[in-house]
2 protein chains.
Amino acid sequence: MGSLQNQKPENASTGATIKPLDPEEFRRQGHLVIDFLADYYKNVEKHPVRSQVEPGYLKERIPDSAPYEAEPIEEILRDVQKDIVPGITHWQSPNYFAYFPSSGSIAGFLGEMLSTGFNIVGFNWMSSPAATELETIVMDWLGKMLKLPSEYLFSGGGGGVLQGTTCEAILCTLVASRDQMLKKIGRENINKLVVYGSDQTHSAIQKAAQIAGINPNNFRAVATTRVNEFGLTADALRATIESDIESGLVPLFLCATIGTTSSTAVDPLGPLCDVAQEYGIWVHVDAAYAGSALICPEYRHFLDGVEKANSFSFNAHKWFLTTLDCCCLWVKDPSALVKALSTYPEYLRNRASDAKQVVDYKDWQITLSRRFRSLKLWLVLRSYGVANLRKFLRSHINMAKNFEGQIGMDKRFEVVVPRNFATVCFRISPIEIGGGNQQMVTKEEAANNFNAKLLESINESGKIYMTHAVIGGVYVMRFAVGATLTENRHVNLAWKVVQEHANALLM
Amino acid sequence: MGSLQNQKPENASTGATIKPLDPEEFRRQGHLVIDFLADYYKNVEKHPVRSQVEPGYLKERIPDSAPYEAEPIEEILRDVQKDIVPGITHWQSPNYFAYFPSSGSIAGFLGEMLSTGFNIVGFNWMSSPAATELETIVMDWLGKMLKLPSEYLFSGGGGGVLQGTTCEAILCTLVASRDQMLKKIGRENINKLVVYGSDQTHSAIQKAAQIAGINPNNFRAVATTRVNEFGLTADALRATIESDIESGLVPLFLCATIGTTSSTAVDPLGPLCDVAQEYGIWVHVDAAYAGSALICPEYRHFLDGVEKANSFSFNAHKWFLTTLDCCCLWVKDPSALVKALSTYPEYLRNRASDAKQVVDYKDWQITLSRRFRSLKLWLVLRSYGVANLRKFLRSHINMAKNFEGQIGMDKRFEVVVPRNFATVCFRISPIEIGGGNQQMVTKEEAANNFNAKLLESINESGKIYMTHAVIGGVYVMRFAVGATLTENRHVNLAWKVVQEHANALLM
């Protein structure tokens, strides 16, 4: 391999320039990589799920500067197999139960290929009308599948937009609410604005508040309790708001969650929105993980109250077969977003935008450039259809129920919080572990330490991968079903792996 | 096609669930789409470059709700061809000369396929070590190719990160500088912070300032002039800063540009950084478009002075064969980013992060989730190599020179600002157009109107696509060479198209 160090004189390269989009070479190399990935899926169970490399492993395998001369794709693919695959944690493995799923599918993949192939930059309607129009149509499709109130749909005066991630969705809506409020109370009061979530809300809200210039002292992570299944209560929210108002602060924004990251807890939307409305607070509903399940009629009730909120988002890339990244955000008042996020420089001016005939999505998001993300969502919805999607989501929930059932039959274990969707939070119970060293640690601390040790021993085996959370002081293992390839047999195997490692540690 | 309206009872679907990642079906459908795209590239010249659809065209072709039952990929691909392709503006066409290029390539495409196929979520090292490590290595490779000072490289204490777009890169560095400054002067002074650019700086800076909570009154678009080729001068910057300080404001951040969007003007980095250093201002260098060319030694001098700046970014997705999105950002002081953007919730805790042995890129960007973008950059660098990349970029610059040369031979036209890279700003000169209606409009206004009419007539033809800018009051057509498939014959043809339309309008 050539490198920057041992290069020939530049004028030695007198041949023709490369043809980086030659259609026949595209076809040849494209087929190679399709086969590479098909084989990857076929063999994905052979790899340890969590990568077993040590920090710095790749530096020793890769030169420290770029090659001066071209290298053939066959050699590069060999290196991907040899050097990259061992450093991958296999989110597509059927034995992956960590974090939340990153749910791939053929349709999502093909949609991403088409988007990458066309490689248009859809900042405004003009730059590629199909990109904008397909997005508005598909967002209305999905909104109807979720039975969102019509005010969230384009057909009802609101509208949806595809963001990269929930962090972006929250930042955009937060900035929209901030600028609305500052217009009322004056920009000099920016340091008085307060943002609310619960101690279970995703860290995205805190980060968005930081970025938007909200005073870090004014971020409230309102405490939740086991009694309320770690949902934020209206009473706790109201008490916190009242106390802030008494201190001369200005309540601004609430992020309510359907399916928190630690335990998939659900905040009660209706009562929370009632409180928020009283104080003029913008409510964003974050259903990043659980939103997918809400297309099943039997789960839709978790969304009751959304009609009183301002915005709603969920990640189609988590548990909806649409590859990363694809966060679906709906707002009732798109003009609030546009007022906060619009710029219209001369070089982007065009007749359709001037006439306000079209949606220009650049004004609904942080960035100007944007990929043609709606293609993959469209392909997922059409390739599978509503009926299959519901059935598929239910199959994951049933697998989680199965796992929960097996836990119930082994007295050493306990499910720590009620399962709402396809994620089970469990542990070896403190009774089983015994006192530990009573002088040093309490019984609960001993249990936490033991379960952490157990989880690490399971993950080190490479057979399955789970991650943890600490909920109400309790260390839990999270078993999140949702990888596309997972079947019941994998769940049964996973439970055996957990038991085996528990047996070994409890001996 | 079924729809939500005419659905069967849910319990009718009793069959097996779908298998959305079946390896053999993946292979079959993947090959179909590769062939679809190879044929698209083969025939891309047959489409009008700028889409000719009217607003709302797609609504009439697509049902208003999602299908209830699955549809076959063959039918979906037929609809892509029939309904989507006509609504696409063909950024990959060799006759595309609008905005800046969105430069696709086989290597970039394959890298994106691999990233989508693995579909990992690389928020921290632990979640997929290869994603983080390959990114740090490739960013050092690219930094060396640009001869960035070692302080920007991991090997020199700084480091690079792949963002989606320049908007994100600027927002992250702006927030880092804001929080550094507020720590010194107190958060109560946030409304005093001032952000600087020129009247040629990309709108991304203004938008980033809005999002970061900078007082909109404190965004300075310092005027540039023709005399200085629309570069921001150190004197103008200093005068603006001094005036702000006199008003009790606090200078914070300067965005200097190498290759502005309107005319590819270059701000003189050295003198600007000298001024900025004097006042303790963070300097970000935005080379979104022109950064690619800086890997050629003969263009590297434009970067002189970057050693005194704080951060530097360019978009590999513009003119570097790496598909959207891929913005390369380097910072001298990563800890400034991390301090402003870090969150570390319990559910992400892991041994490698606790031990501070690793880079966790979630703390270098807005979002938590992140795609495995370094794969495509790695594939581009290896598939083509430094020598070919330089040659390829030079071939575009030579095509732009060719176009410029042809303009020079037609007395009716003039090049309005000096060409720095592969973009030519030109117009029909006011002399040629004559006075217009002297009572209503000046000679320059008449020229502006005429050139706008000429551009629209060219774009309507669908033969080529260019966009416009207004520079120092002058309406110019921008001829931006850089689409991957463009060859000299396309440039020659484009010039003929321009002349023909000018002939028709000047008759």
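Tutor: In chain A, helix α3 (residues 106-118) and helix α12 (residues 374-408) pack at an angle of about 145°, their axes lying 7 Å apart. The model is a predicted one, in which local features need pLDDT of at least 70 and side-chain atom pairs count only at pLDDT 80 or more, while totals for chains, interfaces and linings use all residues. Residues are numbered from 1 along each chain as its sequence is written, chains are lettered from A and ligands numbered from 1 in the order in which they are written, and side-chain values use heavy atoms, with hydrogens and water left out.

Student: What makes α3(A) and α12(A) helices, and how is the angle of about 145° between them defined?
Tutor: Helices are DSSP runs of H or I with at least four residues, and strands are runs of E with at least two, numbered from the N terminus. The axes are lines fitted to C-alpha atoms, for helices over the stretch in contact, and angles run from 0 to 180 degrees between N-to-C directions, so about 145° is a value on that scale.

Student: Which hand does the crossing of α3(A) and α12(A) have?
Tutor: α3(A) passes α12(A) in a right-handed crossing; the name is given if the near helix is turned clockwise from the far one, and left-handed if it is turned anticlockwise, by less than a right angle.

Student: Which residues make the contact between α3(A) and α12(A)?
Tutor: Contact means heavy atoms within 4.5 Å, and the residues that meet include Leu110(A), Leu114(A) and Phe118(A) of α3(A) with Leu375(A), Leu379(A) and Tyr384(A) of α12(A). The residues of this contact divide into nine nonpolar, four polar and two charged, where Ala, Val, Leu, Ile, Met, Phe, Trp, Tyr, Cys and Pro count as nonpolar, Asp, Glu, Lys and Arg as charged, and the others, Gly among them, as polar.

Student: At what angle do helix α3 and helix α12 of chain B pack?
Tutor: In chain B they pack at about 145° with axes 7 Å apart, and the crossing of α3(B) and α12(B) is right-handed.

Student: Why is the pair Asp35(A) and Arg27(B) called a salt bridge?
Tutor: The term asks for a side-chain nitrogen of Lys or Arg within 4 Å of a carboxyl oxygen of Asp or Glu, and the N to O distance for Asp35(A) and Arg27(B) is 3.1 Å, so the pair qualifies. Asp35(A) lies in helix α1 of chain A and Arg27(B) in helix α1 (residues 23-43) of chain B, so this pair joins two chains. Arg27(B) also meets Asp39(A) in a salt bridge, at 2.9 Å, N to O.

Student: How much area do chain A and chain B bury between them?
Tutor: Buried area is the accessible area (1.4 Å probe) that two parts lose on being put together, summed over both; for chain A and chain B the value is about 15000 Å², with 66% of it on carbon and sulfur atoms. The contact takes 168 residues from chain A and 167 residues from chain B.
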